[in-house]
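Please read this briefing alongside the sequence and the structure, and keep both open while going through the points.

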Amino acid sequence: MTTPVIDTAHRYQPRRTLTVRVELVRQLRRRRTLIAFGVAIALPLIVVAAVTLGPSSSSGGGGFGDGDLDLVGLATSGAWNFALTMLFFGSGFLLTIIAAMFLGDSVASEASWSTLRYLLAAPVPRRRLLRAKAIVGLLLTAITLAILVLASWIIGALAFGVAPLSSPLGGSWDTAESAYRLAIVAGYIGLMMLIPAGIAFLMSVLTDVPLGAVGAAVVIVIVANILDAIEALGDLRRLLPTDYGNAWVDALAPTIAWEQMAIGASYSVVLFTLLVVIAVLRFDRKDITS
Amino acid sequence: MQLEADLYLPPGLAPEQRAPALLLAHGFGGSKASVAQDATAFAEAGFVVLAYSARGFGASTGDISMNDPDFEVADASALISHLATVPEVVVDAPDDPRVGIAGGSYGGALALMAAGYDPRVDAIAADITWNSLEDSLFGQSALDSDDLGAYKSLWSGLFFSSGQAPRPGDDVTECGRFTDAWCAAYVRAATTGTVDADGAALMRRSSPMSITDRITAPTLLGGGQADSLFPLAQVSANAEQIRAAHPDAPVKVVWHAGGHDGGLASPDAVTDQLRSLTIDWFRDHLADGPAVSTDFLFARTEGSALSDRAAGTFDVIAAPQFPGLQGTSTQEAALAGPPQQVLAPAGGLPSAISSVPGLGGVGGLLGLAGVGTALGGEQQTATFVSEPLVAPLSIVGSPRARITIAADRPVEGATVFAAVRVLDGAGLPRLPAGLVAPVRLDALGPEPVEVGIELPAVVADVAAGSRIALTLTTTDQAYRMPAGPAVYSIALADPTVVVPTVTGTPVGGTRPVWTWPLLALGAVAILALVLLLTGRRRRAAGDPARLDDEPIVVTGLVKQYPGGVRAVDGVDFVVPRGTVLGLLGPNGAGKSTTMRMMMGLITPTSGEVRIFGERVRPGAAALARVGCFIEGPGLLPHLTGRQNLDLFWRASGRTGDPRMDDVLSIAGLGSAIDRRVRTYSQGMRQRVGIAQAMLGLPDLLILDEPTNGLDPPQIKEMREVMKAYATDGRTVIVSSHLLSEVEQTCREVVVMGAGRVIAQGTVEALLGEYHEKRLEDVFLDLVGVGHEVTTRGGAG
């Protein structure tokens with residue numbers, strides 16, 4: 001045995017394993033990532049087509065809060081309102097599913113491809129793997145949200161002009177204020193997506209079936225929304241994190257009312273952290289049998 | 001005549017010790033039970049509390065007489081006399097206990113009335129109550145007018161219906177629990193919208209305005225900023241009348257974010273604010289508590305637009321003293337607009353909706369947004385709008401305006417509803433607190449009449465750039481209106497609206513908004529700490545002596561799954577450096593589980609694996625010197641084989657030369673390496689998987705069934721690769737359920753069966769021991785006949 005053993009260990013650095021950049025490259029080329037981005041562009045296009053080609057009506061109706069807040073009716077007034085309406089549409093279901101998909105699929109899909117065991121044996125420290133997965137999942141969700149807003153704004157501008165934001169609660173603003181208000185709405189909706197994201201991420205660690213993780217998260221959010229609609233539950237509903245999902249309308253008031261948004265955002269950040277901590281503690285000890 | 005009452009004693013009151021008393025009166029439709037929470041809180045604050053049900057309510061007998069001096073007020077005096085006999089109560093003189101009265105709405109009026117009629121009352125706290133019942137139920141906002149106001153039909157109906165429920169066992173009657181006199185007055189008002197002399201006298205007897213000049217007891221007056229039943233003007237009248245008669249009597253006025261309309265803020269927060277104020281007030285004036293300033297408090301509210309939220313935050317602002325409805329100063333805002341014609345529709349329908357009595361929460365939405373404050377039809381509203389404001393405007397009090405009004409025909413009881421609305425741009429105007437001011441003229445004809453209007457007292461902020469509008473609407477669903485149609489011509493008599501304001505300083509309020517993110521930050525920090533504490537790295541002690549000569553040492557390895565199945569049951573072996581070691585055993589022998597434990601994928605139940613001396617745990621650094629292929633390849637199907645290898649190397653945290661060319665030649669895929677893995681055959685994936693294990697040519701290679709799915713020439717090639725790999729000091733472990741495989745590749749062999757090591761040593765030694773039998777026979781002997789040995793591929 002004359003040849004010295006090549007000691008590769010001293011050239012191994014845990015900090016270099018599965019960097020966010022590498023994980024991003026691994027995920028970006030996936031078809032589902034591109035489909036999510038595509039849907040975010042397609043949604044405003046479909047709505048523009050529906051509005052311009054469909055039968056004309058004076059007011060869109062829709063909205064929420066007993067129909068008091070007529071967001072949809074204002075959608076065609078300009079790019080800012082159109083982007084706001086698309087955010088409203090997206091926040092209900094589309095973005096929830098996308099967040100659940102990016103986070104729920106994260107670990108479970110590696111398990112289903114059998115790549116998880118090779119990454120962990122590389123060895124990518126387990127927490128580091130979860131970190132990369134969570135960051136990239138959130139990043140992709142945020143990118144989808146940003147694409148939705150930007151695409152809606154551009155498509156809205158081409159279709160309806162760039163008139164500043166008119167609030168369904170009364171008032172309209174100049175461009176700077178419109179951008180500020182829209183950014184608050186988008187940011188708040190983004191924070192609220194932490195709820196499906198967190199549930200999906202925990203599920204992703206618990207199961208090896210990617211669709212199961214995504215589905216479970218979506219079902220939990222839907223059940224929470226149904227409970228939230230049962231008036232008999234009264235103030236108990238305030239305990240549901242999804243109860244604060246629409247609090248961004250307070251960013252459209254003449255003066256922004258922050259309280260409900262502060263509660264909702266705080267709630268979802270804490271809930272997300274809690275779910276991630278449970279996921280990490282679970283993954284620390286999990287036997288990888290996939 | 002019997003009244004039901006509960007006595008609450010302060011907890012911890014020593015024997016012989018005495019405390020001041022509080023008489024607690026409930027609101028209309030309530031009973032002693034509805035004030036139980038307050039009673040408990042006041043008792044805990046050190047008062048002897050007597051909570052009772054007024055006559056006609058709860059289990060108390062008698063008929064409702066709306067706080068008539070001869071009935072309800074006399075009842076209160078009787079209760080005060082009773083309190084003088086309670087041994088725990090401080091007594092100032094015989095039959096004169098130290099007593100305060102507290103109540104809201106109906107109970108608030110009782111407190112004021114009792115303070116006017118019974119000199120033994122030492123202090124009172126009266127919240128959201130009336131000064132004049134007639135002015136409250138017949139709203140008149142025209143200044144200096146003697147005309148009867150517009151009948152508040154919706155509120156009166158709600159108010160009276162809660163006293164019309166029969167007692168258990170009684171029949172339903174039109175009068176319910178009311179006295180005949182009150183019943184008659186109500187029926188007249190409800191059917192004609194008017195009041196006769198008897199009714200007016202009746203209401204005057206039950207109104208604090210009849211006795212405010214007699215009140216000298218310290219008086220705390222609460223007013224709801226969201227109250228269309230007893231608006232702030234009523235509270236203001238009580239305060240100013242007492243002050244006018246007795247300038248030295250302490251009077252404190254508090255406008256809060258609640259009220260009969262539900263309020264603009266979290267009801268709990270308002271309750272807390274009022275309760276602690278009330279306690280402080282009585283501690284000051286009934287005991288020797290710290291002095292409570294008689295400054296004026298009001299609330300700036302911020303509500304959510306969410307349809308189901310009654311909650312909101314508020315800041316409490318203090319001004320040195322109550323300035324009345326005209327504020328500490330006024331500003332003028334210029335209005336413009338041509339004379340306008342508006343229609344009072346026949347039957348008063350469709351009617352505009354401003355406040356919605358009895359629906360808490362909607363008030364919040366209305367006040368904030370003005371959405372839902374329907375204006376009836378466009379033709380029903382005259383609007384006079386200001387220019388955009390150059391500076392922000394704070395309205396605290398009642399703005400005033402002057403209009404002229406005429407009708408196209410003689411109208412009896414012509415009614416318009418005036419309001420100041422805020423236009424924050426292009427959207428809907430918002431109506432602060434959802435309040436409108438009814439203006440009723442007994443007679444109106446084609447001759448224009450000039451009317452000064454006191455608009456609703458509100459606390460509202462108008463941003464610079466917004467505009468304010470004076471609107472006059474001919475309908476409101478909460479009021480009774482003339483039945484016939486008419487067209488009114490309305491014009492501004494004075495092009496300005498006078499807006500009062502109060503300068504004050506913030507003194508508190510609800511929990512500031514930033515506490516939520518702060519709490520969240522704390523929770524996140526605690527959770528992060530949990531991770532930090534559980535994740536502390538345990539340093540594995542290496543064993544330098546065995547470091548390089550024995551790359552793998554397996555000691556007492558056991559893996560027991562939940563349910564008791566032992567997949568690996570006490571395995572010991574050592575892999576010497578520079579060899580190809582075969583791990584041989586039938587399917588289910590525990591080979592793959594052992595290999596997974598070697599890679600830190602599965603945690604052993606007991607025992608350990610050491611790789612290059614380091615105990616294997618998830619993420620153990622020594623694993624970086626190991627390449628592995630366990631139970632089939634793991635590749636990203638959407639990437640090419642080359643991208644997979646490249647990304648795996650980049651993810652593995654190793655630097656240096658991946659030896660990509662060597663590895664690719666082992667895989668031997670040719671140009672197919674640049675196709676997506678999705679398109680690969682099983683054998684191609686297998687080869688890329690093995691190539692991935694060899695990336696960087698690690699010191700130790702662990703291969704689990706590497707030849708599964710390969711065709712014979714490839715198997716042969718793979719054997720050569722493994723043998724060659726071990727020649728320069730590297731070590732290879734190969735598992736297989738195929739004897740031929742191990743026999744031809746390996747020098748050393750470990751035979752496993754049912755989770756245990758059955759035999760180990762060099763292939764030659766093993767064969768020798770078994771008397772030169774073919775290894776296959778040896779193997780079958782070892783593991784027992786009947787195991788499926790050669791036919792199935794896959795996991796072992």
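Leaving aside its neighbours within four places in sequence, which residues is B:Thr415 in contact with? They are B:Ala150, B:Val439, B:Arg440, B:Thr474, B:Pro482 and B:Tyr488, where contact means heavy atoms within 4.5 Å. This is a predicted model, in which local features need pLDDT of at least 70 and side-chain atom pairs count only at pLDDT 80 or more, while totals for chains, interfaces and linings use all residues. Residues are numbered from 1 along each chain as its sequence is written, chains are lettered from A and ligands numbered from 1 in the order in which they are written, and side-chain values use heavy atoms, with hydrogens and water left out.

- B:Thr415 lies in strand 19 (residues 411–423) of chain B, with strands (E, at least two residues) and helices (H or I, at least four residues) taken as DSSP runs numbered from the N terminus.
- With a relative accessible area of 2%, B:Thr415 is buried; buried means under 20% relative accessible area, exposed over 50%, and partly exposed in between (1.4 Å probe, protein chains only).
- The side chain of B:Thr415 reaches the backbone oxygen of B:Gly413 at 2.9 Å.

- Strand 23 (residues 467–473) of chain B has six of its seven residues buried, so it is largely enclosed by the rest of the structure.
- Strand 19 of chain B runs antiparallel to strand 23 of chain B, joined to it by seven bridges, and B:Val422 has B:Ile468 as its bridge partner in strand 23; two strands pair if DSSP finds at least two bridges between them.
- Strand 16 (residues 381–386) of chain B also pairs with strand 23 in the antiparallel sense, over five bridges, with B:Thr383 standing opposite B:Thr471.
- B:Ser466 is placed in the loop between strand 22 (458–462) and strand 23 of chain B, and is buried, with a relative accessible area of 5%.
- Not counting residues up to four places away in sequence, B:Ser466 touches B:Glu387, B:Pro388, B:Leu389, B:Leu423 and B:Asp424.

**The interface of chain A and chain B**

- In the interface, 74 residues of chain A are in contact with 79 residues of chain B.
- The two chains bury about 6,400 Å² between them, 61% of it on carbon and sulfur atoms, where buried area is the accessible area (1.4 Å probe) that two parts lose on being put together, summed over both.
- The rule finds one salt bridge across this interface, a salt bridge being a side-chain nitrogen of Lys or Arg within 4 Å of a carboxyl oxygen of Asp or Glu; the side chains of A:Asp287 and B:Lys559 meet in a salt bridge (2.6 Å, N to O).
- Several elements of chain A each supply at least two residues of the side that touches chain B, among them strand 1 (12–17), helix 1 (20–28) and helix 10 (259–285), and helix 10 gives the largest share, 13 residues.

**Strand 1 and helix 1 of chain A**

- Strand 1 of chain A and strand 33 (residues 652–654) of chain B pair in the antiparallel sense over two bridges, and B:Ser652 is the bridge partner of A:Thr17.
- In helix 1 of chain A the buried residues are A:Val22, A:Glu23, A:Leu24, A:Arg26 and A:Gln27.
- The cover over these buried residues includes helix 2 (31–53), helix 4, helix 5 and helix 6 of chain A, together with helix 13 (641–651) of chain B.

How values were computed:
A polar contact is a pair of N or O atoms within 3.5 Å; within protein, one must be able to donate a hydrogen and the other to accept it, and residues adjacent in sequence count only if both atoms are side-chain atoms.
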